[in-house]
Amino acid sequence: MEKIRNFCIIAHIDHGKSTLADRLLDFTGSVTEREKQDQLLDNMDLERERGITIKSHAIQMDYVHNGEKYVLNLIDTPGHVDFSYEVSRSIAACEGALLVVDAAQSIQAQTISNLYLALENDLEIIPVLNKVDLPSANPEEVTDDIVDLLGCSPEDVIPASAKTGLGIQDILTAIIERVPAPKGNPNESLQALVFDSVYNPFRGVETYFRVVNGEITKGQKIKFVATGKSYEADEIGTLKLTQVPKKKISTGDVGYLITGIKDAREVKVGDTITDSAHPTKNPIGGFEDVKPMVFAGIYPVDTEDFEDLRSSMEKLQLNDASLVFTPESSAALGFGFRCGFLGMLHMEIIQERLEREFDMTVITTVPNVSYHAYTTKGDEKPIIVNNPSDLPDPSTIDRVEEPYIKATIITKADFVGNVMSLCIEKRGQIVNQTYLTTERVELIFDMPLAEIVFDFYDRLKTVSKGYASFDYSPIGMRQSKLVRVDILLNAQPVDALSALVHFDNAYHIGKKMCEKLKELIPRQQFDIPIQAAIGSKIISRETIKALRKDVTAKCYGGDISRKRKLLEKQKKGKKRMRQVGNVEIPQQAFMAVLKLN
Ligand code: GTP
């Protein structure tokens, strides 16, 4: 146990976490030449393509320091707010954290939010000043920023380059010398923290755990405390680049467990594994069921594919327990599912996986957050509104509440005005403004989560010329003036285009939606009126003029290759069209409300 070090790497996105992990694996000889690939830990295709870590993983390295053999468990954490609960559990499995800060970008919003998570869990923080090789690096200034943030001394900050390998040995030495060895009692009843799980189609769910007390042995009857289910530990082992089966994993160490579980929902991140016969009396604290934050409808483009879609979603759920869905039907789109996601990125990932792994073509409707509606009947429990059509008749509503977040934004002093205006436009209330340095400002707002779903990131990037970072955490429900804006095409309401919005924005959004839909819906052989309405009141109107000519007519004779290109483009556009009544609506139209500016 004294020779084990469990640590994670925390950083703002793109500050070099994955690259540094690769370099550590290299340096400790944990990878063979053949296995060398960039960003080794990101082994899902999608992750590698997007260059982001979606699921956290763990890996064990052996390292000799002063003639003594050490086992270093690196627990990788996802870098996106959608997955912050997983980050918090991975952090809880460690004693130390490398806090990676880009020497050109300095401290950003996720540097701070992850740091707070690490400090809450009493982790030893090792600050790493990465990318010192960059010509734009500002090592002295950024070191000062880190010293201010942590209250450490400048000597504690390790200058490094995950690119050139500079500082890697110093980092390993610091891990061994500064991160405490795990504590715990090997003689107590088993108590292991589940910090991640991965679905393997051949072996079932692989559970990643950290033993806090006791030990787990192959064949042991074990129990998951939160789900109350018992299994046999068919296989346990440590996580090298491949899995290495072992007879037992002891206090302080990290490993994987295979029990033949075929459904990801049976293994919950944050749960405690214990001995079935002698269960622990103290499950590890901090367990939470992850809750979806964003809801949207998913429909097959071809109504006949509904059953295929169902079976694809069920398979997806087997390996992604955070995906929830229930069947719903829409007058416009037919049968589909109302799905709950951890956030917008998660939603995109699911949509993409449906298409890539299951060959489905789907239409996703405007996402919304989960509202609580109370009717004048005075019922105690709210009506949960995950779908615009669930909103009760306005005349019966007493009040509606919406989820709020604490938003942390770090930007340059020059952009404070712009960022403030944006946040206020998004119904934010400023809570705090702190100058981290003369140049850099931290702004804290209370904001409705719904406003983050609607084009916030892009706008923030624009108004700050890219110099703003953003993070958030939920702070509960607050009362809101919510209305449903319905869209009528050809005088027919299209339920799948309805959106729940704040009353103050309803007119503006209704108008913008009509304009946007006019842009997106192709002209057809007849005029198509587009109307936005609240209840029976029309608040905006546009018309798509009848005109349906061959798109190639524009290319007067001549260039055949250009013609072909246009035709192909038209064909592609077709793929994701949905006939509603006699109007063809492209996929982008269903998401139009997200990109109104
Ligand atoms: P996520 O996994 O998406 O959270 O990002 P990350 O923090 O892991 O960043 P990643 O390792 O993907 O690095 C981001 C970019 O910075 C990549 O293009 C790296 O090649 C580059 N990079 C990382 N470390 C260094 C460094 O020390 N020097 C230079 N010049 N570039 C680096």
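Me: Which residues does UniProt list for "binding site" in this protein?

Reply: The unreviewed UniProt entry lists D14, H15, G16, K17, S18, T19, N130, K131, V132 and D133. UniProt positions are given in the numbering used here, feature names are shortened, and annotations may be inferred rather than shown by experiment. Residues are numbered from 1 along each chain as its sequence is written. This is a predicted model, where local features need pLDDT of at least 70, side-chain atom pairs count only at pLDDT 80 or more, and totals for chains, interfaces and linings use all residues; side-chain values use heavy atoms, with hydrogens and water left out.

Me: What is the average pLDDT of the protein?

Reply: pLDDT is the predictor's confidence in each residue, from 0 to 100. Here the protein averages 86, and 89% of the residues score at least 70. Over residues 50–56, though, the pLDDT is below 50, even if that stretch has 34 contacts in the model beyond near neighbours in sequence. Contact means heavy atoms within 4.5 Å. Where pLDDT is low, the predicted coordinates should not be read in detail. For the complex, the predictor gives an ipTM of 0.97 and a pTM of 0.76.

Me: Back to K131: where does it sit, and what is it in contact with?

Reply: Helices (H or I, at least four residues) and strands (E, at least two) are DSSP runs, numbered from the N terminus. K131 is in the loop between β5 (124–130) and α5 (139–150). Leaving aside neighbours within four places in sequence, K131 is in contact with D14, H15, G16, D102, A103, A137, A160 and S161. With D102, the K131 side chain makes a side-chain polar contact at 3.1 Å. A polar contact is a pair of N or O atoms within 3.5 Å; within protein, one must be able to donate a hydrogen and the other to accept it, and residues adjacent in sequence count only if both atoms are side-chain atoms.

Me: Is V132 buried, exposed or partly exposed, and what about K131?

Reply: Buried means under 20% relative accessible area, exposed over 50%, and partly exposed in between (1.4 Å probe, protein chains only). V132 is partly exposed at 21%, and K131 is partly exposed at 21%. V132 is also in the loop between β5 and α5.

Me: How many salt bridges are there?

Reply: Side chains of opposite charge can pair when their charged atoms come close. The rule for a salt bridge is a side-chain nitrogen of Lys or Arg within 4 Å of a carboxyl oxygen of Asp or Glu. The count comes to 27. E402, K426, R427 and E451 are linked in a network of them.

Me: What does the pair K426 and E451 tie together?

Reply: Their side chains meet in a salt bridge, 4.0 Å from N to O. K426 lies in the loop between α9 (416–425) and β24 (429–435) and E451 in helix α10 (residues 449–453), so the pair ties together parts that are 25 residues apart in sequence. K426 is buried at 6%, and E451 is buried at 8%. R427 forms a salt bridge with E451 as well, with the closest N and O atoms 2.9 Å apart.

Me: How far does helix α8 reach?

Reply: The expected span of a helix is 1.5 Å times one less than its number of residues. Helix α8 (residues 344–358) has 15 residues and reaches 20 Å from its first C-alpha to its last, close to the expected 21 Å. Its buried residues include L345, H346 and M347. After α8 comes D359, with a positive phi near 60 degrees.
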